[in-house]
Amino acid sequence: MGINKTLLEEKITAAWQRRGLLACVLWPLSQCYRVTTAARRYAYRQGWLASVRLPVPVIVVGNIFIGGTGKTPFAIWLVQALRQAGYVPGVISRGYGAENSESSREVLADSSATEVGDEPLLIAARGVCPVVVGRNRGAAAQALLQAHPEVNVIISDDGLQHYALQRDVEIVLFDGRGTGNGWLLPAGPLREAATRKRDFTIVNLASTESIPASLPASAVRMSLVGTVAERLNDSTQTQALSTLGQQSSRMLAAGGIGNPQRFFTLLKASGLVITAMALPDHYDFSDNPFAGSDAEIILITEKDAVKCRQIAAIKNDPRIWVVPVIAKIDDALANQILEKLRGHKIT
């Protein structure tokens, strides 16, 4: 069922790349959506709806294109860049997939994906920073500062449309799909208009891709790089992807992320011949998709790995390897973000 759902999502996403019959039929609804979102944002700007101002600067990382654009790797990169500049960063997130996201909850070493969500788990592990999840981003941020008063800058992961939390810097991510057909939901893939103001535009691209013409010339290029694999049940065992590919002709790659094709493209660019298994974003692996596979090697993403390590039947499968990726971005971007924060004293 999950894989069939993914195929449907792929068809919808493909339809959103052009202004075909389906998009045109849905266009009137997208205008209703446009008016509603614009009115909501205006109400916050005018102070008719309450918003929270924190005592530390807030950087919001998000997207207006629905689906995965690489926010989590970028958030990890940003955590590391801020720490290198002398800040003590913390992260807040919605915690998608968490059982109870109404109340704020800190991500701990023994937290599970069902408690806090998969992306916060990955950010906490890779970013080595405090992370708090909750539907109310303002409450989550206040809980984080109370538990970690040393934090002097907060990154809001995927909180672009959460205007109840005031922000100092807005960073919007795209990928090779650009703005699609340029229309808002449900006629197109956009949550807000492509002309929406923001401080920085980041484009997650493969090495062979160019920045889409629909994005501003000032957009900053980001690439995700992965050259090694770690065995799921023992991360100390690592192999270069090129070496791993020489060991088997039956190799399966599975991705339960917003845009799994990007993961498959990365592996193919490394010379691997794979059978691709696209899973729904935030797939919970309650049904083991690998149980009936005859693959000798199975490659998964880090986001999927944080869940698979908590399921014994999958964790103990020696065929499964994790492919970690890091975001590669021009260092000039970090300096520009720091310049935006310069008016805020580090406490």
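So, how many aromatic pairs does a search of the whole structure find? Seven, going through the whole structure. Before I go on, please keep in mind that this is a predicted model.

Let me pick one of those pairs. Tyr42 and Trp48 sit edge-to-face, with 5.5 Å from centre to centre and 75° between the planes. If you wonder why I quote two values, it's because a pair of aromatic rings is described by the distance of the centres and the angle of the planes. And why edge-to-face? Because the planes are 75° apart, and anything over 60 gets that label.

Now, are these two residues buried or exposed? Tyr42 is partly exposed, at a relative accessible area of 43%. Trp48 comes out at 60%, so it counts as exposed, the cut-off for that being over 50%.

There's also a ring cluster. Tyr283, Phe285 and Phe290 are linked into it by ring pairs. Hold on to Phe285, please. Its phi is positive, about 60°, although Phe285 is not a glycine. You'll find it in the loop between strand S12 (275-278) and strand S13 (297-301). Phe285 has a relative accessibility of 1%, so it counts as buried.

Which other residue has a positive phi although it is not a glycine? Val128 does, with a phi of about 50°. Look in the loop between helix H5 (118-127) and strand S4 (131-133). Val128 has 63% relative accessibility, so this one counts as exposed.

While we're on backbone: Leu185 and Pro186 are joined by a cis peptide bond, with omega at about 0°. Pro186 is in the loop between strand S6 (169-175) and strand S7 (200-204).

Last stop, a helix pair. Helix H3 (residues 71-84) and helix H11 (residues 331-341) have axes that come within 11 Å and cross at roughly 65°. H3 and H11 are therefore roughly perpendicular to each other. As for handedness, H3 passes H11 in a right-handed crossing.

What makes the contact? On the H3 side you have Phe74, Trp77, Leu78, Ala81 and Leu82. From H11 come Leu333, Ala334, Ile337, Leu338 and Leu341. Sort the contact of H3 with H11 by class and you get ten nonpolar residues, no polar ones and no charged ones.

Methods:
Residues numbered from 1 in each chain as written. Predicted model: local features only at pLDDT ≥ 70, side-chain atom pairs only at ≥ 80, totals over all residues. Heavy atoms only, no water. Phe/Tyr/Trp six-rings, centres within 6.5 Å; stacked < 30°, edge-to-face > 60°. Buried < 20%, exposed > 50% of the residue type's maximum accessible area, 1.4 Å probe, protein only. Axes fitted to C-alpha atoms, helices over the stretch in contact; angles between N-to-C directions. Helix = DSSP H or I, 4+ residues; strand = E, 2+ residues; numbered from the N terminus. Parallel < 35°, antiparallel > 145°, perpendicular 65-115°, else oblique. Left-handed = near helix turned anticlockwise from the far one by under 90°. Contact = heavy atoms within 4.5 Å. Nonpolar A, V, L, I, M, F, W, Y, C, P; charged D, E, K, R; others polar.
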